[in-house]
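Hi,

Here is the structure I said I would send over. Have a look at it first, and then read my notes below.

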Amino acid sequence: MSHSPASPDTASTTPGIWGNSDLLLGLFLCAVSGIALFAIRKLSFGTLTDMGAGFMPRVLAIGLLGFGVYFLALAAFKRATESIGPVELRPLFGVALAVGVFALTAGRFGLVIGSILTILVAGAASKESRWRELIIFSVAMSAGAVALFVKGLALPVPVWPW
Amino acid sequence: MELFDNLLLGLSTALQWNNLLYCLFGVLVGTAIGVLPGIGPIPTVALLLPFTFGMDPSSAFIMLAGIFYGAQYGGSTTAILVNVPGETSSVVTCLDGHQMAQKGQAGLALAIAAISSFFAGTVATLVIAMLAAPLASLALKFTAVEYFSLLVLGLIAAVVLAHGSVVRALAMVVLGLLMGAVGIDVSSGISRMTFGMPELGDGLDFVPIAMGLFGLGEIIASLSRPQGRPVVVAQGWRNLMPTFAQLREAFPAMLRGTTIGSLLGVLPGGGAALPPFTAYALEKKLAKDPSRFGKGAIEGVAGPEAANNAGAQTSFIPLLTLGIPANALMALMVGALMMHGIQPGPQIMTEQPVLVWGVIASMWVGNLMLLVINLPLIGIWVRMLKIPYRLMFPSIVLFCCIGTYGIANNMFNVWLMLGFAVVGYFFIKVGVEAAPLLLGLVLGPQLEENFRRAMLLSDGDFSVFVRSPISAVILAVVFVLLLAMLSPAVLRKRDEAFVE
């Protein structure tokens, strides 16, 4: 199961407005397109023969806006919409936080401490984690990561805080 | 015989002792991640990419390719023993493979899967070798015009073969292309959409994006589902040798599976996921007694297993001959080539014969290794399957972090991966596939460059794309594909094919 087929996890019949997948996707695409159009507003468009730096991004961003509007229209007019199902915040925040903790600590305090903290925070993402097991496991993984990446693959990252 | 010269050149590369070791390492890692349901070949290849910088490009490629086809072998082991597909491509193997295991024939099912995969791998290697030279000579006639059309075909075909809504997949391609435009514009030197961040000057790195979307996003989604402990079928997997009669029963299915896999794999947008479904449907249709399927029919294992392995390998053809990735994993491979300073494109075969033929020959060597090593190692894979997911996923998170840091030895990419982990979960929730996005991201810069060059040469005249005969044919195919895909009748058929 490397990548599950793109069907929402659960499909209920009467979703609230914020559970409508067409609406969410449409908003997302419009937002990305808006940010892109803003970022490239000063770049020259040029002509077909001599395209400016802004030509392709602008064409693509406007195309993306078109898709965004299409999905918004679907959300507005289509009767049967697919719900995105319940959003579990614990796994989302747990995994995101673990990556953030790695980014903040591994460079400053070294890979040993960074790895232990990352594993512990990631473990918090699952209801099934057992703390004593996880602490022992994090120390073992930290040692393993140093052996594999620093000693084995010569990754230039500090190992200890000092 | 040019074919034999080329294969010999390839074998002389693939059989160097260090390349043999890299190949072995690749297929072992591939099998391991194939066996483990929580992690697929895309994040694994992304993870190992940064560590191949110091290696010879052929060695790096031999190893990374081994991960991909090794994963197809491993995926079926889990499908048979646990009834959980280790990879998407082994979903069908669950149906009859696990039934065989429950009847005490686990060893037979594993052996048939391995033998079918090896047979398919051998044939697919020959198919690649035979198709490579003519395709490459055709590719030599390509200018920016034809190459642009070919890139468009690659992107559209990827959409057609994606699951789910075609419009959603098209939107993802455009999003990927737009993201590909981030960074300093090659022809004007102006930075685009970098938001003042110097790290974005070289563009968005695809490794953190692939790891975020395919690795971490998937973890978040699977943690949201209830976790069951995997139940491994404990008996019968030690008895591995099939009888002659059983082999004879499986052989026609193997042959048909290999044919289907080889054909579907070559198509842009092809790969390992679609062929097994098609092969299974065909076997069921041809069988004298279709009711045996789903209850442990040996053909139901042999056909799909041969098909997914053949498809995994022939999906390298568009990449190795034309420089066009057929699926998200091949897009990573394109990125790997560029990181090693090799420009993917139609000229790749003439400029990098050692690399291309070395990889092709290594596939056969790797398949042989998989057949010989894997069956005796089955005990280890079974033990590995018993590692609980609650310990596996924190390790994957950690490895993704360290690997992403390793690309440029800075934390910027780790933050980028964090963002795309959230986006990846969002995509799974709203039901869009991320693979077309990755293709767009990797192909975006080439698409823009070739479009610009074509327009410059033709003085802004669009008709140049239809005046060149090769380009016209390619664009006609794109047009037919799009038309067919948007017609409701074909859509329904396609959904049925994926459901089956």
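Where in chain B is the place of N409(B)? Look in the loop between α17 and α18 of chain B. Keep in mind as you browse that this is a predicted model.

Most residues other than glycine have a negative phi. As for its surroundings, N409(B) has 12 C-beta neighbours inside 10 Å, so it counts as exposed.

There is another residue to look at in this way. M193(B) also isn't a glycine and has a positive phi of about 50°. You'll find M193(B) in the loop between β2 (191-192) and α8 of chain B. Is M193(B) buried or exposed? With 22 other C-beta atoms within 10 Å, M193(B) is buried; the cut-off for that word is 20 or more.

Now for some helix packing in chain B. Two packed helices are described by the angle between their axes and the distance between the axes.

Take α8(B) and α18(B). Their axes come within 7 Å and cross at roughly 50°, which makes α8(B) oblique to α18(B). The crossing is right-handed. If you want to see who meets whom, the α8(B) residues include P208(B), I209(B), L213(B) and L216(B), and among their partners in α18(B) are N413(B), L416(B), F420(B) and V423(B). Sorted by class, the contact of α8(B) with α18(B) has 15 nonpolar residues, 5 polar ones and no charged ones.

Then try α4(B) and α16(B). Helix α4 covers residues 57-82 of chain B and helix α16 covers residues 378-385 of chain B; they pack at an angle of about 70°, and their axes are 11 Å apart. That is why α4(B) and α16(B) are described as roughly perpendicular to each other. This crossing is right-handed. On the α4(B) side you get T77(B), T78(B), L81(B) and V82(B), and they meet I378(B), W381(B), V382(B) and L385(B) in α16(B). The class count for the contact of α4(B) with α16(B) is 6 nonpolar, 2 polar and no charged residues.

What about chain A? Chain A has 162 residues, and 36% of them count as buried. Of the contacts in chain A with a separation of 6 or more, 64% are between residues 24 or more positions apart.

Last, the place where the chains touch.

Happy browsing!

Methods
Residues numbered from 1 in each chain as written. Chains lettered and ligands numbered in written order. Predicted model: local features only at pLDDT ≥ 70, side-chain atom pairs only at ≥ 80, totals over all residues. Contact = placed C-beta atoms within 7 Å. Axes fitted to C-alpha atoms, helices over the stretch in contact; angles between N-to-C directions. Helix = DSSP H or I, 4+ residues; strand = E, 2+ residues; numbered from the N terminus. Parallel < 35°, antiparallel > 145°, perpendicular 65-115°, else oblique. Left-handed = near helix turned anticlockwise from the far one by under 90°. Nonpolar A, V, L, I, M, F, W, Y, C, P; charged D, E, K, R; others polar.
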